[in-house]
Amino acid sequence: MPEPLLELKEVVKDYGTPPLVTRALRGVDLSVTPGEFAALIGPSGSGKTTLLNVIGLLHKPTSGRMTLAGTDTTRLDDDGLTRFRARTLGFVFQFHHLVPALTALENIVVPMWSLQGRRDESMRRRALELLDAVGLAHKADSRATALSGGQAQRVAIARALANRPALVLADEPTGNLDTASADEVFGLLRRVNRELGTTFLIVTHDPRLAQRTDRVVEIVDGRIVSDEAVATARDQPRPVSAKA
Amino acid sequence: MPLEWFLAIRFLKEGRAQTALIFGGVAVGAGVVVFLSALITGLQASLVEQTLGSQAHVVVRPPEEEARVVERPAGAVLAVRRERTPQRVQAIGQWQQVLEQARSVPGVIAAAPTVNGSAFASRGSVTKAVSLRGVEAESYDRIVAVSRKLELGLFRLAGAEAVIGKGLADELGLEVGDKLRLAGEGERADVFTVAGIFDLGNKDVNQRWVFVPLRSAQNLLDLPGGVSTIELRVEDYLKADEAAQLVAARTGLVAESWTELNRQLLVALRSQSASSYMIQFFVIVAVALGIASVLVVSVVQKSREVGILKAMGICTGMVQRVFLIQGAIVGLVGSALGSALGAGLALLFANLAQNPDGSALFPVDLNATLFLTATAVATVTGLVAAVAPAARAARLDPAEVIHA
Ligand SMILES: Nc1ncnc2c1ncn2[C@@H]1O[C@H](COP(=O)(O)OP(=O)(O)OP(=O)(O)O)[C@@H](O)[C@H]1O
Ligand SMILES: [Mg+2]
């Protein structure tokens, strides 16, 4: 069995201060191996975003342990977390959140620039390659505001991949798109996973899309209630490592 | 270019109307500061020039003569009534030595001996009471630049030459090359040739002052080998008091600075400066508040982008710098525009209001220091104004703003 890329043990996350505490995660155990393409589903308010934020190092868990790419992330300080996040993780959100002041290309260059400290020509080349991969090379110099929702989301995916992250976290990446665009974006994520071996954890409300992943993790009320491999005609089943 | 600069410039460019407005605000503020400084400095310089144009910064003279008790019998208690003695022209003993001592005082940049007294100037049947000033043209010119204020002729006092004011020249109908008779103490009198006619910008001085060679004045006033005052120029006329005290201490003579004779002028200058500083201070505060409020709005508008940048791995310090740099750029560019605006306004003003002779009624003083200071102050102001917005941006929690 391959070494897990991500491992959560007994992770609890509380919001607020006593006596007004919301326990959003009630002891989550989860393990993700490299190359997985997994969906996270569950009713509204069940803690999907919270779990993604904890995994994405945007929130510190209240208790529990977490290991990401071999690093115990509970030991990192703020700047350490930021750097580690930049190197290891990519984010795609429901709304693309491109920086409107920048062009499509520049939006992809910024994470590389920030990680390496100085800009060089290779970043531009890589950004162009990524834009090409998402089918938007011709929009490289368009301002982010001049892109359609689906196009912007594809640029956001290219941006998430800029620093070759081991794990991409996507929170309802197609939630804001029509069916055609949603299919296109989802297909793109799938292709990246297949071609680059990038691991994905995708929150979705769309059962149709969830069925197109390798593994579906269901969370209800802050607990994982089911975790199953998906077998379809097209996709190879993958081993599942966590219990329900 | 570092990433923070790139982002700061892009953010500024993006907020077009907002950026234009804040640049405009800073420019107007800086323009007011530059204009006001140029005007006040120019006005003060011309006021000071009017006064100090014909006056030394410090005048060294012997102490007043006092009546002394001639004899005090042993054990006797005396009731003494002091009467001021009539003052006659007194000489400074060993003035060459005093001159050297005065020159060695820090801040003193020139010293000249003068012999002063009253005399009568006459031509034909017209006689006028004048103030005789025996000087060496060369050394005195560095105290009061007579040579630069000549209407006619030269400031030259060789042999029996005299340089007179234009008022006296008019009264006596004198021109360069004409002869003039000067009568001093007792029967002493001499005939001089007018070498130059000056205009020191003061009517009284122009009517009464007559420059003659040191030796001639000593003759006419019966002060063989002596001088009555030593006049000094100091580096910074506002520090004349300190120099005067030092000179007095070193020479044991009385040293009077121009400020003692022009108390009111000094008070006027100081209160002018104070009120102009006050106005400038409040303008700067207003500009700072303007920059801060625009940046706060921009932080709020950009909170999602800031959040996403942080999630992308841009550290807190860099986010902070992006906004600090924006503040500094606004200050720098705004004040550069403002300096040009203020300078243009000042020049316009100086050209509009003119004296009959074509000189500016409100002289303005525009110099590089003023622009550099205004720009530096505005840049620092922008930076300081950006501190709070930058801190606010740095505090943003990416998870919160992204999902909000
Ligand atoms: N910042 C917060 N402060 C307090 N409570 C919060 C905060 N964020 C989330 N919660 C609470 O935590 C629980 C889990 O929220 P979360 O956003 O993770 O749900 P979700 O599964 O992503 O829901 P949805 O499908 O609607 O996006 C909810 O009860 C929510 O009200
Ligand atoms: Mg959610």
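Before I continue, two remarks on conventions. This is a predicted model, in which local features need pLDDT of at least 70 and side-chain atom pairs count only at pLDDT 80 or more, while totals for chains, interfaces and linings use all residues. Residues are numbered from 1 along each chain as its sequence is written, chains are lettered from A and ligands numbered from 1 in the order in which they are written, and side-chain values use heavy atoms, with hydrogens and water left out.

I turn to ligand 1. Its shell, meaning residues with a heavy atom within 4 Å, includes Tyr15(A), Pro43(A), Lys48(A), Glu172(A) and His205(A). By class, the shell comprises 3 nonpolar, 7 polar and 2 charged residues; here Gly is counted among the polar residues, and Asp, Glu, Lys and Arg as charged. Which element gives the most to this shell? Helix α1 of chain A, residues 48-55, does, with 3 residues; helices are DSSP runs of H or I, at least four residues, and strands are runs of E, at least two.

An oxygen atom of ligand 1 is 2.5 Å from an N or O atom in the side chain of Thr50(A); for Thr49(A) the corresponding distance is 2.7 Å, and for His205(A) it is 3.4 Å. Ligand 1 alone exposes 630 Å², of which the protein buries 63%, by the Shrake-Rupley method with a 1.4 Å probe.

Next, the interface. Contact, defined as heavy atoms within 4.5 Å, links 25 residues of chain A with 24 of chain B. The two chains bury about 2,200 Å² between them, 67% of it on carbon and sulfur atoms; this is the accessible area lost on being put together, summed over both. His97(A), Ala101(A) and Trp113(A) supply 23% of chain A's share, more than any other three residues.

Finally, the backbone of chain A. Pro18(A) and Pro19(A) are joined by a cis peptide bond, with omega about 5°. Pro19(A) sits in the loop between β1 (6-15) and β2 (22-32). Within strand β1 lies Glu10(A), a residue other than glycine whose phi is positive, near 55°.

Technical notes:
A polar contact is a pair of N or O atoms within 3.5 Å; within protein, one must be able to donate a hydrogen and the other to accept it, and residues adjacent in sequence count only if both atoms are side-chain atoms. Buried area is the accessible area (1.4 Å probe) that two parts lose on being put together, summed over both.
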